[in-house]
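Welcome! Keep the view open and try each task before reading on.

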Amino acid sequence: MTNQDSESRTIRTNDSASVSTQRIPWRVKEDQYLHLVRLAWDLHKLGLSAMVELPTGKEPALLVSRAAGPLRIMALRFKGTWFFTWGRGEGQRVRALSSEASNRVWEMAQ
């Protein structure tokens, strides 16, 4: 696999020690981007402002405007299923292909 096909990601602990490095294929990042853009468009139709963030060396995210500060949404695949997540709790994720995904995120942004 070439550097063009993947990106190295180092996971660090609180004491800044390197724990592991894994490769993230560019195709996965492209899929994340596509899911986030689709969600951004659905949220736009519901009257919310959103911006896709493509940081260098990190995974893409969707920043949804809200009074308390931006809500950061990630698109992650777990056991073959794509989810939107905005935290680590059970209630802080929704299946990306669910017809209710944009409504759930809209509720969190209120």
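**Exercise 1. Which residue in strand 4 is the bridge partner of glutamate 53?**

Before the solution, two notes on what you see. This is a predicted model, in which local features need pLDDT of at least 70 and side-chain atom pairs count only at pLDDT 80 or more, while totals for chains, interfaces and linings use all residues. Residues are numbered from 1 along each chain as its sequence is written, and side-chain values use heavy atoms, with hydrogens and water left out.

Step 1. Find strand 3 (50–53) and strand 4 (61–64). Helices (H or I, at least four residues) and strands (E, at least two) are DSSP runs, numbered from the N terminus.

Step 2. Strand 3 and strand 4 run antiparallel and are joined by 4 bridges. Two strands count as paired if DSSP finds at least two bridges between them.

Step 3. The partner of glutamate 53 in strand 4 is alanine 61.

**Exercise 2. Follow glutamate 53 to its salt bridge, and find the residue at the other end.**

Step 1. A salt bridge is a side-chain nitrogen of Lys or Arg within 4 Å of a carboxyl oxygen of Asp or Glu. By this rule the protein has 5 salt bridges.

Step 2. Glutamate 53 forms one with arginine 72, and their closest N and O atoms are 2.6 Å apart. This pair ties together distant parts of the chain: glutamate 53 belongs to strand 3 and arginine 72 to strand 5, 19 residues apart.

Step 3. Now check the cover. Buried means under 20% relative accessible area, exposed over 50%, and partly exposed in between (1.4 Å probe, protein chains only). Glutamate 53 counts as partly exposed because its relative accessibility is 25%. Arginine 72 is also partly exposed, with a relative accessible area of 35%.

**Exercise 3. Describe how the strands are arranged in the open sheet.**

Step 1. Read along the sequence, they follow the pattern β-β-α-β-β-β-β-β-α.

Step 2. The open sheet has 5 strands in the order 3-4-5-6-7, with antiparallel pairing. Its edges are strand 3 and strand 7 (93–95), each of which pairs on one side only.

Step 3. Strand 4 and strand 5 pair over 3 bridges in the antiparallel sense, and leucine 62 stands opposite isoleucine 73 in strand 5. The two strands form a hairpin with 6 residues between them, and glycine 69 in the turn has a positive phi of about 110°.

Step 4. Strand 5 (residues 71–78) is also antiparallel to strand 6 (residues 81–85), with 5 bridges. Here methionine 74 stands opposite threonine 85.

**Exercise 4. Which way do the residues of strand 4 point?**

Step 1. In a regular strand, side chains alternate between the two faces of the sheet.

Step 2. From strand 4, Ala61 and Leu63 point one way and Leu62 and Val64 the other way.

Step 3. All four are buried. In the protein as a whole, 32% of the 110 residues count as buried.

**Exercise 5. Is glutamate 59 buried or exposed?**

Step 1. Locate glutamate 59 in the loop between strand 3 and strand 4.

Step 2. Its relative accessible area is 13%, so glutamate 59 is buried.

Step 3. Look at its side chain, which makes a polar contact of 2.8 Å with the side chain of glutamine 32. A polar contact is a pair of N or O atoms within 3.5 Å; within protein, one must be able to donate a hydrogen and the other to accept it, and residues adjacent in sequence count only if both atoms are side-chain atoms.

**Exercise 6. Why are arginine 27 and glutamate 30 separated by about one helical turn?**

Step 1. Helix 1 spans residues 26–45.

Step 2. Arginine 27 and glutamate 30 are separated by about one helical turn because they are 3 residues apart in helix 1. Their side chains meet in a salt bridge (3.1 Å, N to O).

Step 3. Salt bridges with shared partners join Arg27, Glu30 and Asp31 into one network.

Step 4. For another example in helix 1, look at aspartate 42 and lysine 45, also 3 residues apart. The closest N and O atoms of their salt bridge are 3.8 Å apart. Lysine 45 counts as exposed because its relative accessibility is 58%, whereas aspartate 42 is partly exposed at 24%.
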